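Subject: Structure handover

Hello,

Here is the structure I promised to pass on. Please open it alongside this note. My findings follow below.

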Amino acid sequence: MSQAAIAKKQDLVDLASTKFKEAASVVVVDYRGLTVEEVTNLRKQLRDAGIQMKVIKNSVLSRAAQAAGLEGMDDVFKGPTAVAFSNDDVVAPAKIIAEFAKEATALEIKGGVIEGRVSSAAEMNSLATMPDRDGLLSMLLSVLQAPVRNTALAIKAVAESKEEVA
């Protein structure tokens with residue numbers, strides 16, 4: 001193999017390793033059996049959510065994962081593999097892919113990485129059932145508003161009872 005080819009492969013490994021390190025979450029999928037139209041549709045949905053999906057050779061992914069300090073991913077990198085990288089939202093890639101897999105049953109989550117920790121397919125599927133970032137923020141806001149709302153209702157009840165007495 002020529003030096004140029006080796007250098008090019010090393011650049012690919014370095015790029016993939018950087019993506020693994022920077023990603024909030026990574027979802028590894030087997031896309032065998034999907035039509036070109038289905039893959040294009042999935043890529044569009046992911047891209048609209050700010051997620052990048054790449055098809056990368058398993059040997060490159062394996063070396064990149066090792067370079068990023070992610071041990072135990074060699075079993076995941078078997079067969080046709082696509083990888084979805086999300087730098088912002090941890091839940092979004094798993095959620096979008098799991099929803100898409102309901103219609104396109106050929107799509108299968110093989111595993112991934114959640115905030116720097118290697119995760120199984122089961123963990124990735126359970127992550128997909130969690131609310132997304134906006135849903136979690138609205139739940140937090142609701143919890144934070146509850147004491148204020150309850151205090152306001154108590155003050156209103158006291159005021160109304162004093163009006164009835166007067």
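In what order do the elements of the chain run from the N terminus on? The order is α-β-α-β-α-β-α-β-β-α-α. That makes six helices and five strands. Please keep in mind that this is a predicted model.

Overall form

The chain has a radius of gyration of 23 Å. The globule rule gives 15 Å for 166 residues, so the chain is more spread out than a compact globule. Its C-alpha trace spans about 95 × 35 × 25 Å along the principal axes. Of the 166 residues, 35% count as buried. Among contacts with a separation of 6 or more, 78% are between residues 24 or more positions apart.

The sheet

The five strands form an open sheet. Their order is E2-E3-E1-E4-E5, and the pairing is antiparallel. Strand E2 (52-55) and strand E5 (117-120) stand at the edges. Each has a single partner strand, so one side of each is left without a neighbour in the sheet. From one strand to the next, the twist averages 20 degrees.

Look next at strand E1 (residues 25-30) and strand E3 (residues 81-86). Six bridges join these two antiparallel strands.

Two residues to look at

Start with Lys-19, in helix H1 (residues 3-22). Lys-19 is buried, yet it has no salt bridge. Which side chain of opposite charge is nearest to Lys-19? That is Glu-22, 6.4 Å away. Leaving out residues up to four places away in sequence, Lys-19 touches Gln-52 and Phe-85.

Then go to Val-60, in helix H3 (residues 58-67). Is Val-60 buried or exposed? Val-60 counts as buried, because its relative accessibility is 6%, and the cut-off for buried is under 20%. Neighbours within four places in sequence aside, Val-60 is in contact with Leu-12 and Val-13. Leu-144 lies elsewhere: Val-60 and Leu-144 are 84 residues apart in sequence and 46 Å apart in space, C-alpha to C-alpha.

Over to you.

Best wishes

How values were computed. Residues numbered from 1 in each chain as written. Predicted model: local features only at pLDDT ≥ 70, side-chain atom pairs only at ≥ 80, totals over all residues. Heavy atoms only, no water. Pairing = 2+ DSSP bridges. Helix = DSSP H or I, 4+ residues; strand = E, 2+ residues; numbered from the N terminus. Axes fitted to C-alpha atoms, helices over the stretch in contact; angles between N-to-C directions. Buried < 20%, exposed > 50% of the residue type's maximum accessible area, 1.4 Å probe, protein only. Lys, Arg positive; Asp, Glu negative; His and termini not counted. Salt bridge = Lys/Arg side-chain N within 4 Å of Asp/Glu carboxyl O. Contact = heavy atoms within 4.5 Å. Rg over C-alpha atoms; globule rule 2.2 N^0.38 Å.
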